Amino acid sequence: MAKYLLLKHYRGAPAPVNDVPMDQWTPEEISAHVRYMNDFAARLEKTGEFVDGQALAPEGSWVRYDGEGRPPVTDGPFAETKDLIAGWMVIDVDSHERAVELAGELSAAPGAGGRPIHEWLEVRPFLAAHPTVTE
């Protein structure tokens, strides 16, 4: 089994087919989307393929160490993950092909008008082993 991150984007990927921002959806459309996501995760829990998943709040900050005795630097002049990443799911599957198959299903979550979003999802494998340092 190999773990994969399915990363849901707000922006930063090609526009989904049903490209209506969630803040413009009706409460019923939001409920249908969340129900689809929960049902998808529950189905993967039964097969042992679900590890974890979360939606992310839009708030957040970039933080960087700026030297001894200086406060950390926060929020820079660049795109921030709070503007890009909507949420994620970690799956544990037998193959990359299965990860892609599941990402395709997740992309079909309903959006505005109850139509599938066809959103882009980033599929990233976890490192199986950490790289070794040679001296």
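What follows is a chat about the folds and contacts of this predicted model.

Visitor: How many helices and strands does the chain have?
Guide: There are three helices and six strands. Starting from the N terminus, they run β-α-β-β-β-α-β-α-β.

Visitor: Okay, and what's the order of the strands in the open sheet?
Guide: That sheet has four strands, ordered β2-β5-β1-β6, and their pairing is antiparallel. β2 and β6 (121-125) are at the edges with a single partner strand each, so one side of each has no neighbour in the sheet. On average, neighbouring strands here are turned by 15° against each other, ignoring direction.

Visitor: How do strands hold on to each other anyway?
Guide: In general, strands of a sheet pair through backbone hydrogen bonds, either parallel or antiparallel.

Visitor: Which strands does β5 pair with, and over how many bridges?
Guide: With β1, β5 has eight bridges, and with β2 (residues 50-55) it has five. Here are some partners you can look up: Leu-6 is bridged to Met-89 in β5, Lys-3 to Asp-92, and Asp-52 to Val-90.

Visitor: Is β5 mostly covered or mostly open?
Guide: Mostly covered, since eight of its nine residues count as buried by the cut-off of under 20% relative accessible area. Also, α1 lies across β1, β2 and β5, and runs at about 20° to β5.

Visitor: New topic: which residues touch the most others in the largest nonpolar core?
Guide: Met-89 and Ile-91, in a core of 15 residues. The elements giving two or more residues to this core are β1 (2-9), α1 (27-47), β5 (85-93) and α3 (96-106).

Visitor: What does Met-89 touch, leaving out residues up to four places away in sequence?
Guide: Its contacts include Leu-6, Phe-40, Leu-44 and Phe-50, and also Asp-52 and Gly-53.

Visitor: Why would a core like that form?
Guide: As a general rule, nonpolar side chains tend to be buried together in soluble globular proteins.

Visitor: What about Lys-8, is that buried or exposed?
Guide: Lys-8 is in strand β1, and it counts as buried because its relative accessibility is 9%. Leaving aside neighbours within four places in sequence, Lys-8 is in contact with several residues, among them His-33, Met-37, Ile-85 and Glu-119.

Visitor: Which residue does Lys-8 form a salt bridge with?
Guide: With Glu-119, where the closest N and O atoms are 2.1 Å apart. Lys-8 sits in β1 and Glu-119 in the loop between α3 and β6, so the pair ties together parts 111 residues apart in sequence. Glu-119 is buried too, at 11% relative accessible area.

Visitor: How many salt bridges are there by the count?
Guide: The count comes to five salt bridges. One of them joins Arg-43 and Glu-105, with the closest N and O atoms 2.3 Å apart. Since Arg-43 lies in helix α1 and Glu-105 in helix α3, that pair ties together parts 62 residues apart in sequence. Arg-43 is partly exposed at 37%, and Glu-105 is partly exposed at 25%.

Visitor: And where are Glu-101 and Arg-98?
Guide: They are three residues apart in helix α3, which means about one helical turn separates them. Arg-98 is buried at 19% relative accessible area, whereas Glu-101 is partly exposed at 44%. Through shared partners, salt bridges join Glu-49, Arg-98 and Glu-101 into one network.

Notes. Residues numbered from 1 in each chain as written. Predicted model: local features only at pLDDT ≥ 70, side-chain atom pairs only at ≥ 80, totals over all residues. Heavy atoms only, no water. Core = buried A, V, L, I, M, F, W, Y, C linked by side-chain atoms within 4.5 Å. Buried < 20%, exposed > 50% of the residue type's maximum accessible area, 1.4 Å probe, protein only. Contact = heavy atoms within 4.5 Å. Pairing = 2+ DSSP bridges. Axes fitted to C-alpha atoms, helices over the stretch in contact; angles between N-to-C directions. Salt bridge = Lys/Arg side-chain N within 4 Å of Asp/Glu carboxyl O.
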